[in-house]
Amino acid sequence: LMPVAMLTVLFSPAVAGLYAIADKVVRMPAVLFGSSLQQVFYQRLAETRSDPRACKQLVVRTWRYLLAIGIVPMALVFLFGPHLFGFVFGHQWVESGAFARILSVGLLVHFVAYPTTNGIVAFERLGVMLAWQVLYVLSLAAVFGIGGFELHLPVRSLLWWFAASQVLVHLVNLAAQWKVLVDNGGGIDES
């Protein structure tokens, strides 16, 4: 919601609309799939919580699975986003496809991190979750505050900043998940 509001203020409702379509088209399948997987993951993690090795294997296997599933569609959007949007929605949506190309970079990391985030909750580390969410909000404020209001970046440049911030924030999320797992004995290799 914040990116749409900021793009409206910084550029125009038309630019915000192009962004909203790009974000919705690229994010929606990931969120739907991720939500289903999140429930299954949380249940399996709760079942194996007392076995650190099984928890570690579950997390690594899930991340690999998500990366394998997400890389092809996101690569297609990255390589052919403007053409795909132009073909599917019409020529007036080519710019939205260019936005989708940029967003696909951050959304791939989001796709991998999102379904397993509840692992932090499963190990009752709500402070870690809160810290990550604060970081997420601060990254959005920094991107739009500095890149938009201070540097007056063009929309595509600003979206690259946004995508880069999403990559970093979701990599921090993955690292936080791993740290919680290690802190709870899941990082100990007994082989």
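What is the relative accessible area of Arg125?

A: Arg125 has a relative accessible area of 28% and is therefore partly exposed, a class that lies between buried, under 20%, and exposed, over 50%, with a 1.4 Å probe and protein chains only. Before going further, please keep in mind that this is a predicted model, in which local features need a pLDDT of at least 70 and side-chain atom pairs count only at pLDDT 80 or more, while totals for chains, interfaces and linings use all residues. Residues are numbered from 1 along each chain as its sequence is written, and side-chain values use heavy atoms, with hydrogens and water left out.

The C-alpha trace spans about 55 × 35 × 25 Å along its principal axes, and 43% of the 191 residues count as buried.

Arg125 takes part in a salt bridge with Asp183, in which the closest N and O atoms are 3.3 Å apart. The pair ties together parts that are 58 residues apart in sequence, because Asp183 lies in helix H7 (residues 155-183) and Arg125 in the loop between H5 and H6. A salt bridge here means a side-chain nitrogen of Lys or Arg within 4 Å of a carboxyl oxygen of Asp or Glu. Side chains of opposite charge can pair when their charged atoms come close. Asp183, like its partner, is partly exposed, with a relative accessible area of 38%, and a network of salt bridges links Arg125, Lys179 and Asp183.

Glu124 counts as exposed, at 60% relative accessibility, whereas Arg49 is partly exposed at 35%.

For contrast, consider Asp23 and Arg27, whose side chains meet in a salt bridge of 3.0 Å from N to O. Both lie in helix H2 (residues 13-48), four residues apart, or about one turn of the helix, and both are buried. By the rule given above, the protein has five salt bridges. In terms of charge, there are 12 positive and 9 negative side chains, and the centres of the two sets lie 5 Å apart; Lys and Arg count as positive, Asp and Glu as negative, and His and the chain ends are not counted, with each charge placed at NZ of Lys, CZ of Arg, CG of Asp or CD of Glu.

Finally, a word on confidence, given by pLDDT, the predictor's confidence in each residue from 0 to 100. The protein averages a pLDDT of 93, and 97% of the residues score at least 70. Over residues 187-191, however, the pLDDT is below 50, and beyond near neighbours in sequence this stretch has seven contacts in the model, a contact being heavy atoms within 4.5 Å. Where pLDDT is low, the predicted coordinates should not be read in detail.

Notes. Helix = DSSP H or I, 4+ residues; strand = E, 2+ residues; numbered from the N terminus.
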